[in-house]
Amino acid sequence: MTHQHQVPGEASGPGAVAVGSNHGIISTGDAATIDNRTLHLPAEAVRAPAEVPAPPGLNNLPAPRSAVFVGRDEDLARLGAALDGRGAPTVVHGLGGMGKSTLALHYAHRHLGHYNPVWWVPAETPDGITLALADLAAHLDPYANLTATTSAEAAAWATGWLQSHEGWLLVLDNAEAPDDVAPVIGPLTTGQHLITSRRATGWHHLAQPLALRTLDPDASADLLMRIIGEPGGPDDGPDDGPDDGPDDGPALAELAAELGHLPLALTQAAAYIQHTATTPVSYLARLRRYPARMFAASATDNHERTIARVWQLTLQAIAARDPLAVDILRTFAWLGPDDVPRDLAEALHDDPIAIDEALALLHAYSMITLTPRTFTVHRLVQAVARTPDPADPHRAEETIETARRRAVCLLVAALPGDPLFNVAGWPRWRELLPHIEALATRVAPDQDDEYTDAIWRQTSAFLQSEVRLDRAAALAERSVAACERLRGPDDPFTLASRSILGSAYRSAGDVVKAVPLLVRNRDDCERVFGAAHEETLVARGNLAYLYGVTGNLDLATELHSRNLIDCERLLGPDDPHTLSSRSNLASAYREAGDFDRAIPLHEQSAAGYERVFGPDHPETLTARSNLAFAYQLAGDLGRAIPLHEHVLTTRERVLGPAHPHTDLARELLANARADTPQ
């Protein structure tokens, strides 16, 4: 209720204000009228902001959420150097859960003696900033609230105070957008601003950026151990089980890696372990079996500070601006986290500008790290994005399954053709390989379809050219299983996958598995396709090569001779299968010591590969290496050594000095030189 008092006549005197009936506050310098009630204030009550000193040690810093703070010494030093430089304000940015607020809070607490006042400003909204500044005004001058009718006026008074004083620190925490803090930062140059934000971009005209990264592995394990080891935790007391204490080191390291060394996730996990008196091993098992529940699990009263909740809010903000950005995040949750080629994302939409804008939005919210050619997604962001959760509208089971199928189709479309002979495509294979491997771990074998089968089969062939034989065999095994389930045992794709698997076993020296598989494949191809079909020729050539490796040279020579005749007749002299048959027959003769037959065939093979594929193709270099080895075994070191040298030099240039084939060339050259008479 408003109280009104009639004031007779007109006010007079140097500080008078003429009124009839007043509402609100009127200040005359030595008194204030509030709702027409005059309050007599002390003389110092009404002073310009510049005349008001800050009370010693003024701050409103909240207490740190946890006393455990590890692994950020370097970041604190970087932050201190940035702020001490007295340059532009500093914005600490990074993914939600990275520990931005924690870093800022610890910095502010450690430097209370360096700044005054130190004021914590919740900056999610402009209103929050205004209220925090109004509160600062009230603490600087208890009479400021009596002379200000709104929070905005009180905040303006605080801004005036900051403009006229030095040595203060404002921490604007969790700023949503640069434009929200620009009105505060712009006019204030006499103190320091420290901003934290999920936003990675848009600060160039306001603040110098300081990107916050995940903890290193040792610090991650230390953080887990310190929280778990608090009194009452599973490491406290003499009755700890065998999984506790020092033996937990490997389990802590594995858990930290699974959580991507993200501070909030580590703290959430450690609090759960400590609260439930479980072990890191048990937590990791639960995380893998019940990811949605564990991402949302909180062992504290603050249920907003969980990985699931923090990122759900971020995704809501992103989805409101651009649903395509959320689709991209869900899709690439199925691939590897690092160096995702941007052109894979560009295949999702006909409009490249729409993709650019969606990626930029994800980068702006620190959900990805964007470069001109690639982007990176934190592995825990991926894990959450591909985990169904009925409580999260962005993670409905059907939506996530759609994203998985989309990721598979993107990879299939991106695969270069002919992984064995298309050398120009090998850099692309190497670029895609980490994402293929990640997909293989994230898609269960019973989810394999014709598209994943194509990925596993072709990747196995490429890995054999890279001499990564264990992985080649594992993917070929998966392809065979998928083909037999989806297509049946006699389908051409099934037979092709078996052939690739047999080659992987043979190359790895696993004769016990290779022989029966390649014999069966040869017989099945002859039954299904006939003796003169291309697939049959490949199956027969693989079996013949295996016989040569196992020392059955007569049978190997017989099959290779038959295969070469059929390949030349059916496919022509320059078909890759014909070239391979000729090379294999030459090697069989060489192993048998028949150099009169071996060397001419090796010379024809080297010439044929060079004519068809070019002088620097890996298959051409292999043919030359085989020829040099034949010269060496025949005692013709004058031709062997220069050819070995040429192969080594070319492989170092084409494949790199550490490639297995380069190492082999180096070894063959050394052996040939050792055979030279002294």
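Contact here means heavy atoms within 4.5 Å. The structure is a predicted model, in which local features need pLDDT of at least 70, side-chain atom pairs count only at pLDDT 80 or more, and totals for chains, interfaces and linings use all residues. Residues are numbered from 1 along each chain as its sequence is written, and side-chain values use heavy atoms, with hydrogens and water left out.

Helices (H or I, at least four residues) and strands (E, at least two) are DSSP runs, numbered from the N terminus. Helix H11 (residues 307-321) packs against helix H12 (residues 323-331) at an angle of about 130°, and their axes are 5 Å apart. H11 is therefore oblique to H12; angles under 35 degrees count as roughly parallel, over 145 as roughly antiparallel, 65 to 115 as roughly perpendicular and the rest as oblique. From H11, Leu 315, Ile 318, Ala 319 and Arg 321 meet Pro 323, Ala 325, Val 326 and Leu 329 of H12. The residues of this contact comprise 7 nonpolar, no polar and 1 charged.

Pro 117, in the loop between helix H2 (100-110) and strand E5 (118-122), is joined to Asn 116 by a cis peptide bond with omega about -5°.

Asn 174 is in the loop between strand E6 (169-173) and helix H5 (178-185). Its phi is near 60°, a positive value in a residue other than glycine. Asn 174 has a relative accessible area of 24% and is partly exposed, a class between buried (under 20%) and exposed (over 50%), with a 1.4 Å probe and protein chains only. Asp 339, in the loop between H12 and strand E9 (340-341), has a positive phi near 50°. At 47% relative accessibility, Asp 339 is partly exposed.

Technical notes
Axes are lines fitted to C-alpha atoms, for helices over the stretch in contact, and angles run from 0 to 180 degrees between N-to-C directions. Ala, Val, Leu, Ile, Met, Phe, Trp, Tyr, Cys and Pro count as nonpolar, Asp, Glu, Lys and Arg as charged, and the others, Gly among them, as polar.
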